[in-house]
Amino acid sequence: VSCVSGGLPKPTNITFLSINMKNILQWNPPQGLQGVEVTYSVQYFIYGQKKWLNKSECRDISRTYCDLSAETSDYERQYYAKAKAIWGTNCSKWAETGRFYPFLETQIGPPEVALTADEKSISIVLTAPKKWKKNPEESSISLEQIYSNLKYNVSIHNTKSNRTWSQCVTNQTLVFGWLEPDTLYCVLVESFVPGPPRLVQPSEKQCVSTLKDQTSTLKVK
Amino acid sequence: GLRRCLISMDMRRIEESFQGIKNAIQAKDTFQNVTILSTSETLHSIKPLDVCCVTKNLLAFYVDRVFKDHQELSPQILRKISSIANSFLYMQKTLQRCQEQRLCHCRQEATNATRIIHDNYDQLEVRSAAIKSLGELDVLLAWIDKNHQGTSA
Amino acid sequence: DGVAVLPAPQNLSVQSTNMKHVLTWSPVIVPEEIIHYSVEYQGEYESLYMSHIWIPSSWCSPTQGPECDITDDITATVPYSLRVRATLGSLTSAWSTLKHPFNRNSTILTPPGMEITKDGFHLVIKLEDLGPQFEFFVAYWKREPGAKEHVKMVRRGGIPVHLETMEPGAAHCVKVRTFVKAIGRHSAFSQTECVKVQGEALPL
C-alpha cells in the first residue's frame with residue numbers, strides 16, 4: 001500500500017518487551033492523533049542480513065503491539081524492528097527500535113514453585129522457566145539449557161516471628177527443616193542469571209502452614 | 001585448556017560499562033547489514049579447544065585496533081570505553097600469566113576465525129569499523145562469559 | 001587579582017579502603033579567593049596507546065574540595081595515572097601528577113560487619129553491604145571439640161541469608177571475610193560470633 005510518507009507523526013517509545021524469549025514489539029500511538037483511526041505496519045531486520053522483512057500478521061493492524069517471537073527465536077542473533085502509522089493515504093516515517101539481543105535482554109521469568117509442608121519442615125520444588133515456543137506440541141526448552149549459570153533466590157518469611165531470610169540455590173529441590181509447627185510461612189522465588197543487568201520478575205508469593213505438633217496433641221490425651 | 005583462566009574476571013563491571021554506551025554507539029552504526037563478530041560462522045562455532053587462542057586474538061584485536069581507531073568526544077562515553085579498554089588490558093595480562101603455565105595453542109580453525117574478523121573490519125572505513133566493533137562488544141562479552149566462566153557467578 | 005601564576009597543587013596521594021578510592025592534595029591558598037580544581041586520569045591503556053588522552057574525572061572536573069572520589073574512574077585492575085590542577089578565574093596552574101600510578105589492587109580490605117540472628121533453629125546472617133564487587137566467605141561450625149568447619153559464599157550483603165539449621169542445645173559460631181573477585185584478594189576474618197539454641201534435643 002503506497003502512502004505519503006511523513007504525513008503523520010511517528011509512533012513513539014518503540015521497544016521489545018521480552019520475557020523467557022517471548023518477544024513482543026510494542027509502541028505508543030503517534031502524538032496528537034487522538035480519536036483518529038490509525039493503523040500500523042511492522043517490519044523486522046536480522047542484524048547482518050540484507051533486507052527488512054514484512055511481518056504479514058502485523059500489516060494494517062490497529063493494536064499497538066506485535067508478537068515477533070517466531071521471527072526472533074534465534075536468541076544468539078540480534079534484531080531491529082520498526083513500525084509506521086497509516087491513516088488513509090498518509091503514513092508516518094518508520095519508528096525503529098535499537099538493536100535487540102534476546103540472549104542478553106530477555107527477562108528471566110520466575111520458576112514454578114510447589115510447596116508441601118509437614119510439622120516442622122517445608123519442601124520447595126522449583127521448575128525452571130521455559131523458553132517461549134511456537135506450538136504447544138513442540139518440546140519445551142528449559143532456560144537452564146540456555147543459561148548454564150541460572151540460579152534461584154529463595155526467600156522465606158516466618159509470619160509468626162516476622163523474620164525473612166533468603167538462600168541462593170542452583171538445584172531445584174530444597175527442604176527447610178526444623179521449622180515451627182502450626183506456623184504460616186510465605187515463599188518468594190526469583191530466577192537470575194549472573195551477567196549484564198537484567199529486569200527480574202519475582203514469583204507470586206505462596207504461603208503454606210506447617211502442621212500442628214502431633215506430640216503435644218498426644219500429651220493432651 | 002585455559003577455559004578457567006578468566007574465571008577470576010569481574011565481567012559485571014565491563015558489561016555495565018557497555019550498557020552505558022550501547023544505545024549511543026549502536027545508533028552511530030548505520031551499516032545494519034554488516035557484522036564484524038556475529039556472523040554464525042565465526043564466534044558461535046568456535047570449539048572449546050580454540051577458546052583460549054580466539055580469546056587472546058580478540059582481546060588483541062580490540063586493544064590494538066578498535067579502541068585506537070575510535071575517536072570519542074563525549075567524556076561520558078570516553079570513560080566507559082576507557083574502563084573497557086583497561087579491563088581488556090588486564091584480561092590480556094591474566095591470560096598471559098595463565099598461559100605461561102599451560103599451552104594456548106592456536107590451531108588453524110582459530111586463526112581462520114580471527115582472520116575473518118579482521119577481514120570484516122577491513123571491509124569498512126576505519127571509523128565505521130571501529131564503531132561497529134564497539135557496538136558488538138555485547139556479543140564478545142557474552143561469548144567470553146559463556147566460555148570462560150563456566151559455573152562461576 | 002595580584003596572582004601572576006597559580007601554584008600547582010602539591011602532596012597528591014590516594015587513600016583506598018574497601019574499593020573506595022579518594023585522591024587528596026594540599027589546597028592552593030589565595031587569600032579571599034575560592035580555588036577550583038580539575039582532576040584527570042589515564043589508565044594504563046591510555047598511557048600505552050594514547051598517551052595524549054587524559055580523561056576528566058567523573059565527579060571532580062571541576063571541584064572545590066582538596067579531595068576527589070575517584071572510585072567511579074578507577075574501574076580496572078591496572079595502574080592509573082592521576083593529575084590535578086588549580087584554577088582561579090582565567091588563571092590555571094600547571095598540572096601536578098601523582099608520583100606513582102595507583103592500582104586498585106592495593107586497596108585496604110577490612111573485615112565486614114555482620115549481624116547474626118536466629119529464627120527458631122535457623123541461623124541467619126546479614127552482612128554489611130559493601131557494594132556489588134564484594135562477595136563474602138562465611139565460615140561456621142558447631143562449638144564442640146573436633147567440629148567440622150563449613151563454608152558458604154554469600155554473593156550480596158544487606159539481606160538476611162540462611163546459614164545453617166542448628167541443633168537444639170548446641171552453640172554455633174560464625175566468622176566471615178570479604179572477597180573481591182576484581183582484584184583477587186580477600187580481607188582478614190572478622191571476630192567470631194556464637195549463638196546458642198535453647199531447649200533439649202527433640203526426640204528423633
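Visitor: A disulfide is a pair of cysteine sulfur atoms within 2.5 Å. How many disulfides does this give over all chains?
Guide: The model is a predicted one. In chain B, for instance, Cys53(B) and Cys106(B) are joined with an S to S distance of 1.9 Å, within the 2.5 Å limit. Over all chains, the count of disulfides is six.

Visitor: Which parts of chain B does the pair Cys53(B) and Cys106(B) link, and how many residues apart are they?
Guide: The two cysteines form a disulfide, and the torsion about their S-S bond is about 100 degrees, so the link is right-handed. Cys53(B) lies in helix α2 (residues 51–69), while Cys106(B) lies in the loop between α3 (75–101) and α4 (108–123); these are distant parts of the chain, and the separation is 53 residues.

Visitor: What is the handedness of the disulfide of Cys186(A) and Cys207(A)?
Guide: These cysteines are joined at an S to S distance of 2.0 Å. Because the torsion about the S-S bond is about 105 degrees, the disulfide is right-handed.

Visitor: Which pattern do the disulfides of chain C follow?
Guide: One disulfide of chain C joins Cys173(C) to Cys194(C). Cys173(C) is in strand β14 and Cys194(C) in strand β16. With bonded cysteines counted along the chain, the pattern is 1-2, 3-4.

Key:
Residues numbered from 1 in each chain as written. Chains lettered and ligands numbered in written order. Predicted model: local features only at pLDDT ≥ 70, side-chain atom pairs only at ≥ 80, totals over all residues. Heavy atoms only, no water. Helix = DSSP H or I, 4+ residues; strand = E, 2+ residues; numbered from the N terminus.
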